[in-house]
Amino acid sequence: MSTRIAFLKGHGTENDFVIVPDPENAIDLPPAAVAALCDRRAGIGGDGLLHVVRSAAHPEAEGMAAEAEWFMDYRNGDGSVAEMCGNGVRVFARYLQRAGHVTEGDLAVATRGGVKTVHIAKDGDVTVGMGRAVLPEGDVTVSVGERSWPARNVNMGNPHAVAFVDDLSHAGDLLSPPPYSPAAAYPDGVNVEFVVDRGPGHVALRVHERGSGETRSCGTGACAVAVAAARRDGADPTATGAPATYTVDVPGGTLVITERPDGDIEMTGPAVIVAEGEIDADWLETATSA
């Protein structure tokens, strides 16, 4: 390991990330190292970490190398591995643009949730093709304190439980994962979204992200919410042939989600790089072994 390791800091609607460029997959980032880097008091701070690796250099992505040159090796803030992060993909694409690896227009990004198509617009917004939602069968319930709500089970490459509530304050402090049942619905944990209506085609959410706690935004969560809202409102683009678009307010901003008649979902929103610097490798080693 070199004495210092390059990093950047970025966010998408205030869902923030430590970015570690590592094209040849040469940097060891065990869970403890990721957690130390994402620590908001003792580290750089972030909801998660974007490890930027060429697909051909990573054993989990080499099979996607023919479709996507770059692999988003995403980790949650606690160091655990995650399948996908929608806001993270937008920030990942913004980093690739900043580094000169890509330009405005279309590109493909490999993730554990599959290859995602991305469009970087001239106005700065980034659109990500998020794939199709899977709606598993079965009833799900989420709870906060004495309150419980039915939730829609939506999988966007990662699992979500979407509950419509009367007031976002009913979600509580979201410091710990909201209880859900049945446990078998989400054997590896779940992202839980609490949703209120703001108007026709317009909702707002708060989210507890698995492995990160409450975050300012969740891209896959916004997509799951839009799909759940559309089904609740009687809209299924694959059946009607008409796209369904929802504006989704998150604590850190606004995302626009469109489900197309072919079932594919697109998410559009901002992505910002705010800083870059170097990680002291001695600090990281000490923090990891502490």
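User: Happy to start with terms: what makes two strands pair here?

Analyst: Two strands pair when DSSP finds at least two bridges between them, and strands themselves are DSSP runs (E, at least two residues) numbered from the N terminus. This is a predicted model, where local features need pLDDT of at least 70, side-chain atom pairs count only at pLDDT 80 or more, and totals for chains, interfaces and linings use all residues. Residues are numbered from 1 along each chain as its sequence is written, and side-chain values use heavy atoms, leaving out hydrogens and water. The threshold for pairing is thus at least two bridges.

User: Great, how many bridges join β7 to β17?

Analyst: Strand β7 covers residues 126–132 and runs antiparallel to β17. Within this pairing, Arg132 has Asp264 of β17 as its bridge partner. The number of bridges joining β7 to β17 is six.

User: And which residue of β16 and β17's hairpin takes a positive phi?

Analyst: Strand β16 (residues 253–259) is antiparallel to β17, with four bridges joining them. Glu259 stands opposite Ile265 of β17. Four residues lie between the strands of this hairpin, and the one with a positive phi, near 95°, is Gly263.
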